[in-house]
Structures are given as C-alpha cells and as structure tokens.
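Student: I have a model open and want to learn how to read it. Where do we begin?
Tutor: With the picture itself; then we go feature by feature.

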Amino acid sequence: MPQRLVTVGSSVGLHARPATLFVQAATKQPVKVTIGRSGDDPVDARSILGVLGLGVKGGEEVVLSAEGDGADAALEELAALVATDLDATA
Amino acid sequence: MPTSLQGIGVSAGLAAGPVAKLAAPPALPAATAVTDAAAESAAARAALQAVTDDLFARSAAATDEVAKAVLEAQAMMAADPTLADAVAERIAGGTDGPHAVEAAFAGHRAQLESLGGYFAERVSDLDDVKLRVICVLLGVPMPGVPSPGHPFVLVAADLAPADTATLDPAQVLGIVTERGGPTGHTAILAKQLGIPAVTACAGALALSDGQTVLVDGQTGLITPDPSPDQVSAAHERQAALAARRASSHGPGRTADGHPVRLLVNIGGPSDVQASGVPGAQGVGLFRTEFLFLDRQTAPTAAEQQELYAQVFAAFAGRSVIVRTLDVGADKPLPYLAQEAEENPALGVRGLRLARSQPAVLEEQLAAVAAAARGSNAEVSVMAPMVSTPREAREFAEVARSHGIEKVGVMIEVPAAAMLADQVLAEVDFASIGTNDLAQYTMAADRMEGRLADLLDPWQPAVLALIERVAGAGQRLGKSVGVCGEAASDPALALVLAGMGVTSLSMSPGALADVRGTLAAHTLADCQRLAAAAVGAPSAPDGRATVNAELVGVS
C-alpha cells in the first residue's frame with residue numbers, strides 16, 4: 001500500500017487551522033487516506049475528530065496511507081500540506 | 001432593594017434594559033426502544049447534516065476571524081464521517097437516536113480531554129455541536145441567543161462562539177455572563193461590537209427574564225431594578241468621563257502636573273503612519289519579531305537597518321525603545337535550529353537565545369545602532385526574558401559596545417522583579433511586560449483560557465511585583481515603564497502611576513482614555529488607588545474598588 005512518512009511542519013501541530021485545512025484537503029481526494037503515528041492504528045484523514053484525537057505535535061512524524069487509483073497523487077498532495085507550516089499564514 | 005452584582009467589566013459602556021437569558025440545554029429524555037432502525041438512523045444523519053449546514057452558514061456570516069474558524073471547525077465535527085458511522089452503529093444495536101448521538105460524542109470527548117491543552121479546549125466546542133444535534137432530533141429549539149422581540153440584556157452562564165458570532169448590537173444592549181475572564185472570546189467580541197459587557201459575574205443567572213438591569217461595562221457593576229435616578233446618574237457619569245477624555249491632549253501628566261510619559265506599542269513599520277502616531281510621546285515597545293518570522297533565512301543587517309530607519313524617521317524627535325528578538329520554541333525559526341521544547345514558555349526564548357546564538361543578537365544591535373546614527377529619534381534597546389542582574393549586565397555590555405547609549409531590560413520574570421535594584425543598577429531603564437509577568441507569577445499559561453482569572457493584571461501579587469520594580473526605579477533615579485495590556489486600562493494606569501511607574505506604553509487607540517483619566521487625578525489620588533489595588537484581597541476587588549473611586553473623583 002502506498003505510504004508517505006512526513007514530519008509535521010506546523011509548529012502548533014495538527015490542530016486548529018492546520019487540522020481543518022488538512023481534513024478539508026483529504027475530503028477532496030478521490031481515495032480514502034489514513035493518517036497515524038508509525039506503528040499505531042491510523043485514523044480516517046477525513047475525520048476532524050480522528051485527526052484532532054491523534055494529538056500530533058509540530059515536528060512529529062506521521063504516516064499517510066492510501067490505496068487505489070490516484071493514491072499516489074493524493075498522498076503527494078497531503079504530505080506536502082502536512083510538511084508546510086500552515087499556521088504561519090494564519 | 002436588590003443587591004447589586006459585581007463582575008469584571010470587559011467592554012466599557014452603560015446599558016439598561018430587560019434581561020433575556022440564554023435558554024438552558026434540554027435534558028436527554030429516557031431511552032426508548034427502537035422500532036424502525038432505518039428511520040431512526042436516517043433521522044440522525046439528517047440531524048447531523050442540518051447542524052453541519054447551520055454551522056457552516058454561521059461561519060460564513062461571522063465577521064470575527066476567530067469565531068469564523070471555530071464555527072468552521074465545529075461544522076466539520078458535525079460532518080465527521082466516523083461520527084456518523086458510530087451513531088448509525090449504535091442505532092443498529094438498538095440505541096435510540098439521541099442516546100446514540102450522546103454516546104458517539106462521548107468517546108471523542110474523552111479522547112480530546114485526555115490530550116489536554118488546546119485539544120481539551122475543543123471539548124466545549126464539541127459539546128455545543130452535540131447539543132445542537134440532540135435538539136434537532138428532539139425537535140426542540142436550539143439553545144441560543146433569545147429573540148424576545150425588543151432590545152435586551154443577554155444573560156448567560158457563558159457564550160459559545162456560535163452564540164456570540166451572530167449577535168446583533170441593535171438588539172443586544174449588554175452582555176452579562178457568570179463565567180469567562182477579561183481576555184476571553186466574549187470580551188473580545190463585545191469590545192469589537194461596542195456592546196457593554198461584564199463577565200465572571202457570580203449570581204447573574206439568578207436574574208429573572210424581563211427584570212430590568214443596569215450594566216456598567218467599565219466598573220463591572222450590575223444593578224438590578226435600578227431607579228430612574230440611578231440610570232440617569234450613570235449616564236451622566238459616563239458622558240462626563242467621555243468629555244474629559246476627549247478634551248485631553250499633550251504629554252501625559254496628572255492633574256497636579258506629575259509627568260507620566262505616554263508611549264505606543266508597535267509591531268512594525270506598517271503600524272506607523274507617516275505622522276508617527278500623533279499624541280504619543282514615543283514608542284515604548286517596538287517589537288522586531290515581524291522581521292524574523294515567516295521566512296527561511298535570517299534577515300540581513302542591511303534589511304534590518306532599513307526597516308528600523310523607517311520607524312525611527314516616523315518618530316524623529318521622540319524616543320523609540322527597540323526590543324530585541326523575542327521568539328521561543330513555540331514559534332521556531334527555520335534558520336535558528338531551535339530544538340523542540342516540552343514547555344516553550346519556560347524554554348530558550350528571548351535573550352536566552354543569545355546563549356547559543358550570540359551572532360543573531362549582535363547583528364540586530366549593530367543594525368539598530370546604524371539606523372539610529374542616521375536618525376533624529378532617541379533610540380534605546382531592551383532585552384526580553386531577562387532573569388538575573390548578570391544577564392542584564394551582559395546585555396548592556398554588548399549593546400553599549402555597538403554604540404547604543406541607552407540600554408534597558410524587560411521585566412517579565414518574577415526573579416528579575418525580586419532583584420529589581422540589582423537588575424536596574426546594570427542598565428538605564430526597565431520596562432515591565434505585564435502579560436508575561438502575570439503568566440510567570442501566577443504560574444498560569446497565557447494560552448489557557450480556563451485560567452483567565454489568574455492572568456488578570458489586577459492580581460495583587462502581580463501588582464506587588466510591579467510596585468517593587470517601580471520603587472527600585474525611584475531609589476536609583478531610573479525610569480520604569482509598563483508595556484502590555486495593563487497600561488491601556490485607564491483605571492490601572494492610575495494605579496501604575498501611583499506606584500511610581502514613569503511611562504505607559506499601549507496600543508494607539510488607548511492613548512486618549514489613559515491621558516484623560518490621568519489628567520483628572522492628582523498624584524496623591526493615584527498613590528491612594530495604588531495602595532488600595534495592591535492591598536485588595538483579590539483582583540476583582542481591586543478592580544472594583546479603584547473603578548468606583550475613579551468615577552467618584554469626577
């Protein structure tokens with residue numbers, strides 16, 4: 001299954017604005033994407049409650065996974081988003 | 001006569017009108033047997049969708065950016081696909097819709113709560129979403145701002161962003177809440193809308209619907225069933241105060257001529273009009289972070305010099321205090337290689353950054369000195385997060401080696417306040433950052449909304465430390481300023497002046513109020529108020545006592 005390991009670029013972590021932007025982008029993808037810490041159970045990237053519930057902090061590594069047509073493109077886009085400091089432009 | 005209630009005045013102004021209370025949330029009825037699981041499930045999905053649509057619409061209509069973002073996040077919670085699945089699963093298992101919703105939210109609620117910090121703060125947003133979904137399912141009106149059909153004073157335990165974002169200032173004469181603090185969401189929004197507001201008002205919910213109350217957003221006093229005389233007297237006091245403030249001009253001084261310099265806080269050249277904020281005697285806090293944030297490489301010396309020169313030119317003939325870079329691990333800069341910290345507020349921030357990266361400070365001081373040489377402003381520098389006399393001395397040595405004559409330190413750390421004499425002996429002046437001083441003195445995170453009452457600058461312990469620093473300044477003949485929230489509260493400004501604080505630095509909008517209030521009181525008045533505030537048993541007591549006197553003096 002295609003995966004990407006990516007470091008969270010937003011200093012505040014995956015909450016507030018970074019979390020909503022990430023979930024909105026995941027919702028637009030043609031495939032289901034999951035996000036989680038390496039080794040832990042991942043959550044649906046379209047679930048704001050799931051993503052917030054991970055409690056991921058800035059600088060932590062997360063794994064994005066997806067399967068099916070367009071999985072690679074979806075992962076590419078979402079990984080880039082996670083790596084960006086989304087709070088800086090707030 | 002009914003007793004009056006005392007809260008924290010967070011948005012100045014007077015309002016008198018009938019009370020309308022925020023509806024209490026409905027109780028969940030007893031569980032019922034599910035006869036048609038498919039219909040029950042469809043109803044639950046429809047309710048989630050309706051709440052999602054409603055919250056997105058409220059977000060779109062909100063003018064306040066913070067409220068807009070919170071409402072959008074709430075809408076996304078209602079739209080969460082895993083939540084809908086969890087509700088459907090429970091209904092399939094025989095639980096009725098409202099109880100299935102309650103249970104599905106409970107799991108996420110516990111998870112967020114256990115994460116603490118920001119995540120735990122989202123719990124109240126999540127509760128609000130859940131309540132809305134259950135109300136739709138039960139067919140009862142959503143809890144929210146009442147619309148009695150006439151202007152009213154809104155009374156509530158607390159207000160959710162969903163409530164405050166769409167308040168109509170034409171209908172809502174005033175706001176009174178039992179919870180909330182001076183810096184909370186309700187306070188910020190009420191100020192923006194110009195609605196008089198009082199928060200942290202114990203006993204407010206005991207007021208009855210339709211009962212007339214007088215709300216004083218300055219003093220925080222709520223008078224139930226006021227007499228017409230009380231209402232007109234309050235209006236007269238307010239008009240007199242406004243007139244006095246409007247008529248004041250010139251440098252800051254008390255009624256008997258004791259000078260208190262009135263300065264402004266600025267965050268960059270864009271804050272400075274070409275005229276350089278008329279009415280201000282200078283800049284008491286020039287934050288330089290804007291130069292360093294949101295970029296991949298450090299600003300060059302030439303770049304810095306040019307921007308400093310712009311600000312100095314706007315304030316030619318006046319004083320400008322430049323604060324050196326104040327960043328910590330909570331806003332790491334990519335080119336500084338800062339390590340992540342568990343506790344950035346207590347970590348390597350402000351002057352402490354110079355321990356590992358002295359070049360950044362050296363370069364900034366060189367750029368300030370170069371820009372100052374080419375200007376007519378009286379330029380000085382100060383360092384943030386100084387804890388010891390030795391740090392003060394070392395900073396002063398570096399700054400003076402670059403040719404900067406006047407050097408000061410920020411006093412935000414209680415340790416520096418405790419040793420104010422020794423710290424001030426090393427430098428030319430000190431400036432007290434009340435927001436951080438309150439955070440560190442009260443051991444309460446500035447980002448933790450639930451502790452807003454502890455972060456109140458009226459906390460007697462915080463005021464006692466400020467008094468200590470001001471006293472040291474008087475003994476050594478050195479100026480001690482205050483920059484931060486506290487300086488822009490006219491009542492607190494009197495207290496600070498009474499302690500011996502020599503300058504107050506605030507947002508430009510607060511200047512006229514502070515100047516006018518100062519001009520109406522003698523130094524002896526200020527000293528009396530300072531003693532009352534420091535000696536008060538609590539922050540609300542001190543605030544109430546001083547505000548009552550403030551009005552009385554007029």
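Student: Which residues of strand 4 of chain A are on its covered face, and which are on the uncovered one?
Tutor: Keep in mind that this is a predicted model. In strand 4 (residues 61-66) of chain A, the covered face holds A:Val62, A:Leu64 and A:Ala66. The uncovered face holds A:Glu61, A:Val63 and A:Ser65.

Student: Which strands of chain A pair with strand 4, and in what sense?
Tutor: Look for bridges. Strand 1 (residues 3-7) of chain A pairs with strand 4 in the antiparallel sense, over 5 bridges. Strand 2 (residues 33-36) of chain A also pairs with strand 4 in the antiparallel sense, over 4 bridges.

Student: Now chain B. How many helices and strands does chain B have?
Tutor: Chain B has 21 helices and 16 strands. Of its 554 residues, 49% are buried. Take its contacts with a separation of 6 or more: 68% of them join residues 24 or more positions apart.

Student: How do I read strand 15 of chain B: are its faces covered or uncovered?
Tutor: Check each side in turn. One side of strand 15 has B:Ser479, B:Gly481 and B:Cys483, the other has B:Val480 and B:Val482, and all are buried. That makes 5 of 5 residues buried in this strand, residues 479-483. Strand 4 of chain A, by contrast, has an uncovered face.

Student: Which strands pair with strand 15 of chain B?
Tutor: Strand 14 (residues 429-433) of chain B does, in the parallel sense, over 5 bridges. Here B:Gly433 has B:Cys483 as its bridge partner. Strand 16 (residues 503-506) of chain B also runs parallel to strand 15, joined by 3 bridges. There B:Val482 is partnered by B:Leu504.

Student: What do strand 15, helix 18 and strand 16 of chain B make together?
Tutor: Follow the chain from strand to helix to strand. The three make a right-handed β-α-β unit, with helix 18 spanning residues 490-499.

Student: What about backbone angles?
Tutor: Most residues other than glycine have a negative phi. B:Asp225 has a positive phi of about 45°, although it is not a glycine. B:Ala443 is another non-glycine residue with a positive phi, near 50°.

Student: Where do B:Asp225 and B:Ala443 lie?
Tutor: In loops. B:Asp225 is in the loop between strand 8 (221-224) and helix 9 (228-247) of chain B. B:Ala443 is in the loop between helix 16 (434-442) and helix 17 (460-476) of chain B.

Student: Why does B:Asp225 count as exposed?
Tutor: Count C-beta neighbours. B:Asp225 counts as exposed because it has 12 of them inside 10 Å, and 12 or fewer is the cut-off for exposed. B:Ala443 counts as exposed because it has 9 inside 10 Å.

Notes. Residues numbered from 1 in each chain as written. Chains lettered and ligands numbered in written order. Predicted model: local features only at pLDDT ≥ 70, side-chain atom pairs only at ≥ 80, totals over all residues. Helix = DSSP H or I, 4+ residues; strand = E, 2+ residues; numbered from the N terminus. Buried ≥ 20, exposed ≤ 12 C-beta atoms within 10 Å, placed from the backbone. Contact = placed C-beta atoms within 7 Å. Pairing = 2+ DSSP bridges. Right-handed = clockwise from strand over helix to strand, strands pointing away.
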